[in-house]
Every structure is written in structure tokens, then in C-alpha cells.
Amino acid sequence: MAAEMALVKPISKFNNVTPKFLIPRSFTKPRFTSVRMSATTSSSSSSSSKKGSKKNINETLLTPRFYTTDFDEMETLFNTEINKQLNQDEFVALLQEFKTDYNQTHFVRNKEFKEAADKMEGPLRQIFVEFLERSCTAEFSGFLLYKELGRRLKKTNPVVAEIFSLMSRDEARHAGFLNKGLSDFNLALDLGFLTKARKYTFFKPKFIFYATYLSEKIGYWRYITIYRHLKENPEYQCYPIFKYFENWCQDENRHGDFFSALMKAQPQFLNDWKAKLWSRFFCLSVYVTMYLNDCQRTAFYEGIGLNTKEFDMHVIIETNRTTARIFPAVLDVENPEFKRKLDRMVVINDKLQAVGQSDDIPLVKNLKRIPLVAALASEILAAYLMPPIESGSVDLADFEPGLVY
């Protein structure tokens, strides 16, 4: 598995973007503010307080989400007394990987962070603030879910419970590192407020497995691709956090390997026709969400010298190839028609965004949205119905945990 995952396409093709922003020589520091990510549906606003300003974000399908699940069912699935077929040896091997904690001393900041942030202003500065906010929110979401799973499974399966706890350690470390990055920009996320105020999306355990596996693996490919690109093109290295991505993405990869083991321990989630349908559904959901999200933020990727769509397709293809080792069916993302459908979705989504930002009254906005939503749904359905690739095997998916770069 490690050897196959190392076969990454050359990414020199991402170098054809002219820098959109230049880092200015001087910068006037603003006062320090505390950022609170709210579950409101109102547009971004700010208000003064003793602790700083609070900033709200739109809660949409494209924002980082917090998840919860049926913890009782999860306890039953991994109860060693009930499920004698569980491959505890694989979990024990994975536990040793997590206990080794390869990145224990990796996330150490230096003066480069603040110096780089102080040189940024205008659009580039705002882009990086948004990147750090969204990334920190996503990592903190994983921390909360894994922490609760670790707590709930202690009695029924201590080994699996400890792995979840160690994964929450990794996610907390990532979130803290990102939040420290925000401090370079005189901001900070109020994570305590975020825990209480954010809406939680409920997924049954098997859906948590599908979605989280994909999230961790796609995170790996995003991070390693950005790292390799910036290593080859250091002129775009405008903030040092990217230098940490090579080791950082190994946490993502180990997390994905663990969820692969969880699914193999529950073969009913992989070996029937329903599993094939759900696998394709979650692949499509994750790929479409990333593509639409990133195409709304092309300035960020252009700022680090990447072509957004080429970068996303590279990540989608590599994630899909990795996922095909465990999911019983995946999308045919290397069919040119799949990208054409994604590009049409981007056009429709841009029109939806324009309607939302217009000065029309709510009724008129809703009427204008109807045909656009229908067109977007039609494209998504057409992508889902494209002939899939039969893949995956619980037997062939066996592996020894290891590094993949």
C-alpha cells in the first residue's frame, strides 16, 4: 500500500500561475481580536467588546462541519464480547503506531511565522486568515468527535478507544498550531465558544466511517501535494506553516488507515450493493464539496502558485485511487466527463452565490434560486449515475501501517 500511494503524478504542471499578490515591505499591526465562529446564517459582521471583535460566518454545506453519531451503536459494533470476529491484532499494531507519536516535537514554531504574517496585508492577508480559521475549525471538529469516541469505547474495546483518544491528541495539536498561526495575524478562535455554539450534524456510524476515511485521506493528498509543490517552488513559500505539511499529512494518513481497519472489522459496510451506493455517494459529496469550496477561493491557491482546478483534480484522482483499495465502488473521476460536470457545477454555484449577494427581496431571491438549485442537483445526480469503478476488497486491503512518501 505504501509503495502504491507513493506513485504521485508530477505536480510541476501547477507552476503555471502568476503570483496574484506581492508581499508588501511594510505593515501596520492591528489590535488583537478574538474570533468566534458562529452558527448564525447571517452575513459576516463584527462588534466591539473587551475581548475583541466577534466574527460570524455563513453556515452552509461548504463550511467545515461538526459531527456526532450513535455512540451506543458504536459501542456495540466494537464490543469484543459481542463481536468475536474483530481483528484485534490489527488494532494493536495501529495503536503502537499512534503511541510512537512521530510528530510529538514536530509542531514547534519559530520567528519566521510572525515575520511572514507582518509582511502580509490586503487580500493576501485576509485569504490566509480565512484559510487558518477554516482549517482550525475542521481540525477542532475532529478533535471533539474522536475525544468522545475514545471516552465512550473505553469499557467495550480499550484498544480502539485509546486509538481514538490518540487521534484526538493529533487533531488538538493541529488545531492549536493553526490557532497559534492566527495569533500571528492578531486573531484567535474562541474554541470554547465554538464547541457550544456550532451546529452538529448526525451521522450513523457507518456513514462516519465513509466520510471520515475520505476526509483524512483527502487531507493527506492536499497537504502532501502543497508541500511538494512549495518545495519545488520556494518563491511561493509566503508563510512557514506549509513547511510542516510533510510530517503533518502523515497524521492524516494514519487516521485514514485506522478508519480503513474499522471498516474491515465491519465487512457488512463494504460487501453488499448498499455499500457500493453509499461509497459512491460519499465520494461524490466530498469531491464536489472540495471542488466548489476551492473554486470560491482561487485567490488562495493562486497566491501559493497553484492552479485551483488542476490541484483539485490531482487530489481527487489520487484520493480516489487510494479509496478504491477499501471502498467496494468508486467514481470514475479520471473520465473527462466527470471534470466537465464539476466545472458546470462551479458555474451554477457562482450564480447561486450572486443571487444570495444581490439586493433583491428574499422572495425574489428564492424564486431565482429554484432553477439554479434544480440545475445543480441535476449535475450532481448525473455525476453519481456515471458508470462506477468496481473496486475494494476486505482481503486485499490488508496492510502493515507505514509511511507513504
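1. Over the face of which residue does Arg109 lie, and at what distance from the ring centre? Arg109 lies over Phe113, with 4.8 Å to the centre of the ring; a charge counts as sitting over a ring if NZ of Lys or CZ of Arg is within 6 Å of the ring centre and within 35 degrees of the ring normal. Arg280 likewise places its charged end over the ring of Tyr384, 4.5 Å from the centre.

2. This is a predicted model, in which local features need pLDDT of at least 70 and side-chain atom pairs count only at pLDDT 80 or more, while totals for chains, interfaces and linings use all residues. Residues are numbered from 1 along each chain as its sequence is written, and side-chain values use heavy atoms, with hydrogens and water left out.

3. Searching the whole structure gives 48 aromatic pairs (rings of Phe, Tyr and Trp, the last by its six-membered ring, with centres within 6.5 Å; planes under 30 degrees apart are stacked, over 60 edge-to-face and the rest tilted). One of them joins Phe164 and Phe258, which is edge-to-face because the planes stand at 80°, with the centres 5.1 Å apart.

4. Phe164 belongs to helix H6 (residues 158-184) and Phe258 to helix H9 (residues 245-264), so their pair ties together parts 94 residues apart in sequence; helices are DSSP runs of H or I, at least four residues, numbered from the N terminus. Phe164 is buried at a relative accessible area of 0%, and Phe258 is buried, also with 0% (buried is under 20%, exposed over 50%, partly exposed in between, with a 1.4 Å probe and protein chains only).

5. The rings of Phe300 and Tyr301 have centres 5.0 Å apart and planes at 85°, so this pair is edge-to-face. Phe300 is buried with a relative accessible area of 6%, and Tyr301 is buried with 4%.

Definitions and conventions:
Helix = DSSP H or I, 4+ residues; strand = E, 2+ residues; numbered from the N terminus.
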